[in-house]
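Opening the notebook on a new model today.

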Amino acid sequence: MVDELVVECVYSGEGCGYTCERQRMVGHLKEECEYAEVECALAGCGEVMRRRDVLEHVEKMHKSVEEEDGQDVEDNEENARSREDKGKGKEEERCPHGEMGCAFKGEGVEAHLETCVYEQLKGFLSANTARVAALTEQNVMLRHRVEMLEGTVERTRREVSGVKNVVGGLSGGTLEGTLEGLREEVLGLGVLVEEVRRRNEMALTNETLRLSEEMMSIRGQMHGLRMQMHGMMMERDAYTRPMTGSITKL
């Protein structure tokens with residue numbers, strides 16, 4: 001029932017007039033909303049902007065400069081490729097999981113990935129990241145819903161206050177009883193809104209703590225794996241040293 005309620009876009013305050021059922025709002029934010037913030041998809045950029053500004057950003061920042069002399073263009077491209085090939089030999093390769101915490105630098109990334117703990121846990125880390133993103137979107141929707149309920153409560157209070165001012169000079173137990181009942185209902189609605197807010201905050205806090213505990217557990221497992229690998233390397237070195245000494249004597 002809640003997912004079928006018609007709500008306004010989260011960016012309605014920015015100018016988006018889109019309305020739809022609550023369950024379809026996430027799709028609108030991901031694919032359609034011109035006021036939603038997105039990241040530039042071109043490699044090496046990463047600038048965040050509103051979806052409506054993406055084309056202007058691409059034209060200003062990434063539009064290729066056309067050269068009048070075609071031969072000069074080919075020479076420039078060839079020189080650039082040559083400098084790039086020379087630079088590649090000097091740059092250190094990094095593990096693709098460097099953003100997650102892997103500090104590997106140097107040659108042999110493919111060999112490193114065979115023993116990289118982050119590579120073994122990439123499925124779990126990706127799922128965990130997606131889950132956090134989904135919880136964040138759900139939290140945005142819940143906050144938007146709470147704001148709408150607060151607005152409804154405030155409007156109801158103003159309407160009740162206006163009715164009291166109009167009938168202030170009238171007497172009669174029935175009318176006063178009705179106004180008192182409306183006041184109690186408004187107060188009860190306010191309490192309900194506050195309770196919903198607290199529950200949402202508690203649920204978000206509990207989920208955050210649980211995710212933190214899981215990450216701590218993963219870090220502990222990764223530390224244990226590192227220690228095991230270190231012990232195996234120490235045993236290998238201890239095994240190979242006597243053999244090397246024997247060969248030298250021969």
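This is a predicted model: local features need pLDDT of at least 70, side-chain atom pairs count only at pLDDT 80 or more; totals for chains, interfaces and linings use all residues.

**Entry 1: the histidine.** I looked for His28 and found it in helix 1, which spans residues 25–31. Is His28 buried or exposed? The relative accessibility comes out at 4%, and buried means under 20%, so His28 counts as buried. Next I asked what His28 touches once its neighbours within four places in sequence are set aside. The list I got is Cys9, Cys16, Tyr18 and Cys33.

**Entry 2: the overall layout.** I stepped back to the whole chain and counted 7 helices and 4 strands. Reading from the N terminus, I wrote the order down as β-β-α-β-β-α-α-α-α-α-α. Of the 250 residues, 16% count as buried. The protein exposes about 19200 Å², and carbon and sulfur atoms supply 53% of that area. I also checked contacts between residues at least 6 apart in sequence: 33% of them join residues at least 24 apart.

**Entry 3: salt bridges, the strand 4 pair.** The structure has 11 salt bridges. I started with Arg50 and Glu14, whose closest N and O atoms are 3.3 Å apart. Why does this pair tie together separate parts of the sequence? Arg50 sits in strand 4 (residues 48–50), while Glu14 is in the loop between strand 1 (6–8) and strand 2 (19–21), so the bridge joins parts 36 residues apart in sequence.

Entry 4: Next up was Glu207 with Arg131, where the closest N and O atoms are 3.5 Å apart. This pair links distant parts of the chain, since Glu207 belongs to helix 7 (residues 173–249) and Arg131 to helix 6, 76 residues apart. Which side of the buried cut-off does Glu207 fall on? At 17% relative accessibility, Glu207 counts as buried, whereas Arg131 is partly exposed at 44%.

**Entry 5: one more pair.** I also looked up Asp237, which forms a salt bridge with Arg236. Their closest N and O atoms are 3.9 Å apart. Asp237 is partly exposed, with a relative accessible area of 26%.

Entry 6: Rolling a probe the size of a water molecule over the atoms shows where empty space is left. How many cavities of 30 Å³ or more does the structure hold? I found 1, and the space in the largest cavity is about 30 Å³. I listed its lining as Val7, Arg22, Met141, His144 and Arg145. By class, that lining has 2 nonpolar, 1 polar and 2 charged residues. Which element gives the most to the lining? Helix 6 (residues 122–166) does, with 3 residues.

**Entry 7: recap for myself.** His28 in helix 1 stays on my list as a buried residue.

Conventions:
Residues are numbered from 1 along each chain as its sequence is written. Side-chain values use heavy atoms; hydrogens and water are left out. On a 1 Å grid over the protein atoms alone, a cavity is a set of points where a 1.4 Å probe fits but cannot get out, and a pocket is an open set with protein on both sides within 12 Å along at least five of seven lines; lining residues have an atom within 4 Å of a point. Grid points are joined across faces, edges and corners, and a volume is the space filled by probe spheres set on the points. Helices (H or I, at least four residues) and strands (E, at least two) are DSSP runs, numbered from the N terminus. Ala, Val, Leu, Ile, Met, Phe, Trp, Tyr, Cys and Pro count as nonpolar, Asp, Glu, Lys and Arg as charged, and the others, Gly among them, as polar. A salt bridge is a side-chain nitrogen of Lys or Arg within 4 Å of a carboxyl oxygen of Asp or Glu. Buried means under 20% relative accessible area, exposed over 50%, partly exposed in between (1.4 Å probe, protein chains only). Contact means heavy atoms within 4.5 Å. Accessible areas come from the Shrake-Rupley method with a 1.4 Å probe; for residues, only the protein chains shown count as cover.
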